[in-house]
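Here are a few exercises to work through with the model open beside you. Try each task before reading its solution.

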Amino acid sequence: MTDDTHAVSPAIAGMASKVFEHPFDLTKVRLQSQVLDATARFNGPIDCLVRTFKNEGVRGLYRGLPAPIVGAMVENASLFVSYSQLQHAIRWVTDHPPSQDLTILQLASAGAGAGAITSFVLTPVELVKCKMQVQMLAVDVTGVSVQASPSGAPAATLGQTSIKTLPGPIAVLTSVIRNDGLRGLWLGQTGTLIRETGGSAAWFTCKEFVGTQLIQRRARFTGTQLSRKDILPWESAVSGACAGAMFNFSLFPADTIKSTMQTEEELRPRGKGVPPSTFLGTAKALYKAQGIRGFYAGCGITVARSIPSSAIIFLIYDGLSKRFP
């Protein structure tokens with residue numbers, strides 16, 4: 001498979017999956033961002049989805065989508081190209097013949113390295129996305145007020161101001177650069193690095209392992225010789241679904257810390273001259289607020305949406321890889 005295929009196929013797959021999963025990702029970020037609040041805005045993922053749709057409509061559910069759509073192209077292309085090149089590097093270093101599959105440990109190493117590389121591309125994208133996803137919850141956004149809902153939790157409402165007046169991705173990006181410099185775009189990088197390094201190792205390893213087991217099972221049943229290239233669409237989907245759940249659950253606390261840091265300015269302004277919270281400082285605050293449970297806010301819906309999302313990614317990726325080897 002050429003590097004072009006490694007780049008284009010996952011880019012297309014990533015964009016398709018982002019459109020499907022974005023409302024659930026928005027829910028996850030909003031649940032994560034309320035852990036440090038004195039009063040929770042939402043009672044859970046379903047409450048968050050329903051009230052977001054009621055108060056903000058369909059556009060509200062897809063708030064911040066342009067950033068991850070563009071990011072998905074770069075993220076998945078970078079991830080899969082890096083994964084492929086690191087496998088080549090491992091073969092070269094270990095003198096591993098191309099005809100033999102790499103071990104699970106070697107695949108995990110390639111996945112971890114690919115995730116680490118991709119994290120530096122992903123953090124600015126997720127920073128913009130997270131900031132946009134909580135704009136409607138911010139007390140100090142022009143034209144937006146926070147009022148009590150029937151359940152007693154505050155709910156964001158739009159007085160006479162349209163959602164169109166809220167800053168878009170370019171405005172958010174330039175605002176970060178203007179206020180914090182280019183370095184500000186990598187706020188939360190530690191969390192992204194931990195999540196992507198460990199998560200990508202688990203993601204690729206789980207997909208390869210489950211996919212190989214399914215192929216071997218079919219080979220035994222049919223009595224034929226099969227390789228990884230002979231994977232069927234349903235096998236790609238099943239193995240990808242398992243990988244998605246493994247990726248998101250493995251290091252979810254790091255993602256919660258990252259999201260909390262990236263939405264702090266909107267929901268808990270620190271004031272002029274006060275440095276941004278650190279990774280460890282935010283972790284301590286989350287633990288003090290809600291204990292271990294606070295690190296897993298939104299985990300259930302994240303794992304649930306990652307199952308079909310990851311299945312879509314590998315279904316499209318493996319399909320295009322076969323069609324354009």
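Buried means under 20% relative accessible area, exposed means over 50%, and partly exposed lies in between (1.4 Å probe, protein chains only). This is a predicted model, in which local features need pLDDT of at least 70 and side-chain atom pairs count only at pLDDT 80 or more, while totals for chains, interfaces and linings use all residues. Residues are numbered from 1 along each chain as its sequence is written, and side-chain values use heavy atoms, with hydrogens and water left out.

**Exercise 1. Find the residues of the largest nonpolar core that touch the most other members.**

Step 1. Start from the rule: a nonpolar core is a set of buried Ala, Val, Leu, Ile, Met, Phe, Trp, Tyr and Cys residues joined through side-chain atoms within 4.5 Å.

Step 2. The largest core has 19 residues, and those touching the most other members are Leu-79, Phe-80, Tyr-83, Trp-203, Phe-204, Ile-313 and Phe-314.

Step 3. Now assign elements, taking helices as DSSP runs (H or I, at least four residues) numbered from the N terminus. Two or more residues come from each of helix H3 (66–94), helix H4 (104–133), H6, helix H7 (233–250) and helix H11 (299–323). H6 gives the largest share, five residues.

Step 4. Look also for a second, separate core: it has nine residues, among them Val-29, Leu-31, Phe-42 and Leu-137.

**Exercise 2. Classify the aromatic pairs Phe-80 with Phe-204 and Phe-252 with Tyr-296.**

Step 1. Rings of Phe, Tyr and Trp (its six-membered ring) pair if their centres lie within 6.5 Å; planes under 30 degrees apart are stacked, over 60 edge-to-face, and the rest tilted. The count by this rule is ten pairs.

Step 2. Phe-80 and Phe-204 are 5.4 Å apart centre to centre with 80° between the planes, hence edge-to-face. Phe-80 lies in helix H3 and Phe-204 in helix H6, so this pair ties together parts 124 residues apart in sequence.

Step 3. Phe-80 is buried at 2% relative accessibility, and Phe-204 is buried with a relative accessible area of 2%.

Step 4. Phe-252 and Tyr-296 are stacked, at 6.3 Å centre to centre and 15° between the planes. Because Phe-252 lies in helix H8 (residues 252–262) and Tyr-296 in the loop between helix H10 (279–290) and H11, the pair ties together parts 44 residues apart in sequence.

Step 5. Phe-252 is buried at 2% relative accessibility, whereas Tyr-296 is partly exposed at 33%.
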